[in-house]
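The following note is intended for a colleague meeting this structure for the first time. Please read its points alongside the model.

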Amino acid sequence: MNEKISILGFAGSLRKGSYNRALLRAAGELVPDSASLETFELDGIPPFNADFESSLPEKVKEFKKRIKAADAILIVTPEYNYSVPGVLKNAIDWASRPYGDNALEGKPAAIMSASTGMLGGARAQYHLRQSLVFLKIFPVNSPEVFVTFAAQKFDEKGKLLDEKTKELIRGLLDALVAWTKKLKAK
Ligand SMILES: Cc1cc2nc3c(=O)[nH]c(=O)nc-3n(C[C@H](O)[C@H](O)[C@H](O)COP(=O)(O)O)c2cc1C
């Protein structure tokens with residue numbers, strides 16, 4: 001199989017200076033030749049309302065279309081109160097509906113997180129993994145990318161400076177590509 005693996009990445013922060021969005025941009029620069037990485041901004045996805053499951057908001061339709069078109073997904077999550085931010089959970093909830101049309105089903109995935117704290121979003125990643133079980137998403141297990149003390153690892157323009165983190169991102173993307181190829185071969 002020679003064609004590139006297409007990855008769709010999204011980050012659970014709307015903040016202009018978000019470290020997690022910066023981490024996603026960094027991944028875009030570190031993606032291996034065997035893959036391509038496009039991103040989707042969650043800004044504009046409305047709060048979930050089941051009354052609109054049969055006539056999805058345009059932004060949600062676009063999100064689902066982009067997920068379905070991708071071979072794999074990359075989720076970048078901040079940690080809010082030991083869990084994933086509502087913005088990210090809300091987007092995932094929309095993508096999984098209506099019942100029977102879960103855009104995420106069967107997708108290989110990778111997860112990264114950045115936080116200003118000393119655990120780098122580890123607790124949020126494990127909460128996220130719990131949701132992935134029901135969604136039938138198949139996440140790569142390692143390497144785990146937890147960007148701790150994020151304020152020290154990016155410059156003022158949001159450029160990732162930390163070489164060790166870059167190495168981990170490369171490892172995660174390589175693992176995602178290999179995992180995706182393995183699942184596609186079945
Ligand atoms: C509502 C809220 C809750 C937070 N809770 C946590 C937390 O539980 N653990 C943690 O490490 N950081 C926590 N933080 C700090 C975030 O890691 C920090 O704001 C980070 O920069 C958010 O990601 P972003 O830069 O991508 O927006 C919290 C921040 C907010 C706004």
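1. Which helices each supply at least two residues of the lining of the largest pocket? They are α3 (86–95) and α4 (122–135), helices being DSSP runs (H or I) of at least four residues, numbered from the N terminus.

2. This is a predicted model, in which local features need pLDDT of at least 70 and side-chain atom pairs pLDDT 80 or more, whereas totals for chains, interfaces and linings use all residues. Residues are numbered from 1 along each chain, and side-chain values use heavy atoms, without hydrogens and water.

3. The largest pocket holds about 280 Å³ of space. A pocket is an open set of points on a 1 Å grid over the protein atoms alone, where a 1.4 Å probe fits, with protein on both sides within 12 Å along at least five of seven lines; lining residues have an atom within 4 Å of a point. Its lining comprises 14 residues, with Ser96, Tyr99, Asn102, Phe134 and Leu135 nearest the centre.

4. The ligand takes the space of the second largest pocket, a molecule being placed there if more than half of its atoms lie within 2 Å of the grid points. This pocket has about 210 Å³ of space and 17 lining residues, including Asn20 and Ser115.

5. Oxygen atoms of the ligand are 2.6 Å from a side-chain N or O atom of serine 18 and 2.7 Å from one of serine 115. For tyrosine 82, a backbone N or O atom lies 2.8 Å from a ligand oxygen.

Note on methods: A polar contact is a pair of N or O atoms within 3.5 Å; within protein, one must be able to donate a hydrogen and the other to accept it, and residues adjacent in sequence count only if both atoms are side-chain atoms. Grid points are joined across faces, edges and corners, and a volume is the space filled by probe spheres set on the points.
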